[in-house]
Amino acid sequence: MKLPGNFFLVGMMGAGKTTVGRALAKATGKQFHDSDHEIEARTGVRVPIIFELEGEAGFRAREAAMIAELAEQQDVVLATGGGAVLDPANRAVLRRYGYVIYLRASVDDLYQRTAHDKNRPLLQTANPRERIRELFEVRDPLYRDVADLVIDTSRQSVQQLTQALLAKLEQLHANRQA
């Protein structure tokens, strides 16, 4: 199915942005990018190392530049980093160049999906579940604000999510054309 435009996935770490993004790109014939993976490929360094060497501010500057570059391309599905929405400029770029999809999951689901992942620098704390809750409280309103659609990823397979997204995107596109 060929839907016009770019699709930008936002949401917390562990919400399924990369997994769903790949499936959505395949279903729509678009090119998939993950902003974190693109940063790693270009720098030759993993995100946790960038955080360690440059701090969160250094990483966020790299992330903003990458999102700006990728968002201007045509027919892409972009999975953004969980904190990308913290920057108002990133939110403006995403709104300007495509449809923004918020993949939402509960704090418990996010914790279960990320509990053993050592590549999540913000979760390397004594209480990662509490850290997820804190991040969720700050970010959820920003995700909602920027999103053209919100879809819950908690209880669906990737295939079900992709089909639901395609139906909602068709409807959203039709409404914009009307």
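This is a guided tour of a predicted model, one selection at a time.

Before starting, note that residues are numbered from 1 along each chain as its sequence is written. Local features need pLDDT of at least 70 and side-chain atom pairs count only at pLDDT 80 or more, while totals for chains, interfaces and linings use all residues; side-chain values use heavy atoms, with hydrogens and water left out.

**Stop 1: the sheet**

Show the strands. Helices (H or I, at least four residues) and strands (E, at least two) are DSSP runs, numbered from the N terminus. Five strands form an open sheet in the order β2-β3-β1-β4-β5, with parallel pairing. Two strands pair if DSSP finds at least two bridges between them. β2 and β5 (149-152) are the edge strands; each has a single partner strand, so one side of each lacks a neighbour in the sheet. From one strand to the next, the twist averages 20°. Axes here are lines fitted to C-alpha atoms, for helices over the stretch in contact, and angles run from 0 to 180 degrees between N-to-C directions.

Zoom in on β4 and β5. They run parallel and are joined by four bridges. Select Y102: V150 in β5 stands opposite.

**Stop 2: helix α1**

Select residues 17-28. Helix α1 has twelve residues. From first C-alpha to last it reaches 16 Å, close to the 16 Å expected at 1.5 Å a residue (the expected span is 1.5 Å times one less than the number of residues). Colour K17, V20, G21, L24, A25 and T28: these are the buried residues of α1. Buried means under 20% relative accessible area, exposed over 50%, and partly exposed in between (1.4 Å probe, protein chains only). Look down the axis of α1. Its buried residues fall within an arc of 135°, so they line one face of the helix. The arc is that of the directions from the helix axis to the C-beta atoms.

What do the buried residues of α1 pack against? Show β1 (6-10), β2 (31-34), β3 (76-79), β4 (98-104) and α7 (158-177). Contact means heavy atoms within 4.5 Å.

**Stop 3: the annotated site**

Centre on G16, in the loop between β1 and α1. Not counting residues up to four places away in sequence, G16 touches G21, L103 and R113.

**Stop 4: helix α2**

Select residues 35-43. Helix α2 lies across β2 and β3, at about 75° to β2. Its buried residues are S35, I39 and E40. Down the axis of α2 they fall within an arc of 140°, so they line one face of the helix. These residues pack against β2, α3 and β3.

**Stop 5: D75**

Go to the loop between α3 (47-71) and β3, where D75 lies. Its phi is positive, near 55°, in a residue other than glycine. Most residues other than glycine have a negative phi. D75 is partly exposed, at 28% relative accessible area.

**Stop 6: L135**

Finish in helix α6 (residues 128-146), where L135 is found. Is L135 buried or exposed? L135 counts as buried, at 8% relative accessibility.
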